[in-house]
Amino acid sequence: MVTPREAALTAIAAGRKSKAWPDAFLDNLVKKERFDRRDAALVYRMTYGVLQNMALCDYYISAYSSIELSKIEPIVLDILRLSVYQLAFLDRIPAHAAVSEGVELARKKSNPRAAGFVNAVLRKAASNGMPEIKEADDIKYLSIKYSHPEWLVRLFLDELGREDCEKYLAANNELVPIYAQVNTLKATGEQVLSRLRDEGINVKETSLGLELVGSGNLEDIEVFKDGSIYIQDGAARIAVEAAGVKPDMNVLDGCAAPGGKSFAAAIMMENRGHILSRDIHEKKLKRILREGERLGISIIETEAMDARVYQPELEKSFDAVIADVPCSGLGVIRKKPDIRYKDGDSLSELPEIQLDILRNLSKYCKSGGTVLYSTCTVLNRENSGVVEKFLAENEEFQLEAFETGDIIAPKGMITLYPHIHGTDGFFIAKLRRR
């Protein structure tokens, strides 16, 4: 029988081999092994924790290893990272359990010699504790402590300044809350709260949605199965609220996948009106239709299309246009740890692509209508920089102040941060066509 530690190791190794965060792989693994809610939560916690703190775990391992990390067998290094993470961060797991399980995994996945090596490293770490980071260079110090590459630390320092940079890096490594939004087409908030508690789910009502703690596999929750809730971070919901969609409107979601903003808009519209959800990937659009069916939404129509390709028949056809453009994703590192390991050079072309999309989608907005521009990054060059260039070219558009819940944007633009607002890192700009 597969243990939670072995499942976490399998997911970590899969991520290393594919060089990407294996979220679907992990979901399927947890479901396949039929872990109960507690063990499933532990698998997710350990897997995420290792990916979020890899550089720091490597620093700790280096202090006690007689072998250079680059020369350690990859699966053995994965085992050491998993075990050291438990020793350093999980107080409820006894040190002897983390050590013995690590040794057993090494014996099972490699060989007796590797098991002896793992035993020696982990016993030293358990006995002596985790060493302090002795880096005089501030960028290297932050890079190791928060497991972000140095180029990314420099970028955030330039954007945020020293104090907020460190707070943001720390927030990227915290346990991420899961927020469920109530589907008011099917249930009230009170009904959903009651049912979640009846199912034994630890749920807290917040301004960002219903915070679910230790929920395990969401697909097993009855209120999810029947479409009474959908999973969406508070930032994305705030963006749709800022757009001001209402029943009987005609709405375009120009970069719709995975569909959360289309769903939020449809629910705000009371499933009355029309939403055209477009994306370049046909497969993702099929998922939107399936999810919309689960939620009881019937006003969403999908169409595969590049958001940069102009369609004259759609010009000035929509009351509201949502332009949630492709971006660097640096605002959701806390949910997708692999994003921090991207090649920084690959991000340089994004602002021009984003501007092209905004230019094109804005043509479909009616006079007096709104365009909602959003990203899940915190970089000004992808956010206010793109909006300001667009406005310089298009005098018929202007920024419009908005307020929703606790979020106030008197200038029509705002960047949300996990360490300040509790949301994903997210940018929202509301534009009104004169």
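Me: Before we get going, what does "contact" mean here?
Reply: Contact means heavy atoms within 4.5 Å. Keep in mind that this is a predicted model.

Me: OK. Which residues of α9 and α10 meet?
Reply: On the α9 side they are Val153, Phe156, Leu157 and Leu160. Their partners in α10 are Arg162, Asp164, Cys165, Tyr168 and Leu169.

Me: How many of the residues in that α9 and α10 contact are nonpolar, polar or charged?
Reply: The contact of α9 with α10 has 7 nonpolar residues and 2 charged ones, with no polar residues.

Me: And at what angle do the axes of α9 and α10 cross?
Reply: Roughly 130°, and the axes come within 7 Å. Helix α9 covers residues 150-160 and helix α10 covers residues 162-171. The two helices are therefore oblique to each other.

Me: Is the crossing of α9 and α10 left-handed or right-handed?
Reply: Right-handed, as α9 passes α10.

Me: Switching to α4 and α5. What angle do those pack at?
Reply: About 95°, with the axes of α4 and α5 9 Å apart. That makes α4 roughly perpendicular to α5, because angles of 65 to 115 degrees count that way.

Me: Which residues meet there, between α4 and α5?
Reply: From α4 you have Met54, Leu56, Cys57, Asp58, Tyr60 and Ile61. From α5 come Leu77, Leu80, Arg81, Val84, Tyr85, Ala88 and Phe89. By type, the contact of α4 with α5 divides into 11 nonpolar and 2 charged residues, and no polar ones.

Me: I'm also looking at Pro74. Where does Pro74 lie?
Reply: Pro74 is in helix α5, which runs over residues 74-89. With 44% relative accessibility, Pro74 counts as partly exposed.

Me: How far apart are Pro74 and Val309?
Reply: In space they are 45 Å apart, C-alpha to C-alpha, and in sequence Pro74 and Val309 are 235 residues apart.

Me: New topic: how many disulfides does the structure hold?
Reply: The structure holds 0 disulfides. Take Cys327: the nearest cysteine sulfur is that of Cys376, 3.4 Å away, and Cys327 is in no disulfide. The cut-off for a disulfide is a pair of cysteine sulfur atoms within 2.5 Å.

Me: Is Cys327 buried or exposed?
Reply: Cys327 counts as buried, at 16% relative accessibility.

Definitions and conventions. Residues numbered from 1 in each chain as written. Predicted model: local features only at pLDDT ≥ 70, side-chain atom pairs only at ≥ 80, totals over all residues. Heavy atoms only, no water. Axes fitted to C-alpha atoms, helices over the stretch in contact; angles between N-to-C directions. Helix = DSSP H or I, 4+ residues; strand = E, 2+ residues; numbered from the N terminus. Parallel < 35°, antiparallel > 145°, perpendicular 65-115°, else oblique. Left-handed = near helix turned anticlockwise from the far one by under 90°. Nonpolar A, V, L, I, M, F, W, Y, C, P; charged D, E, K, R; others polar. Buried < 20%, exposed > 50% of the residue type's maximum accessible area, 1.4 Å probe, protein only.
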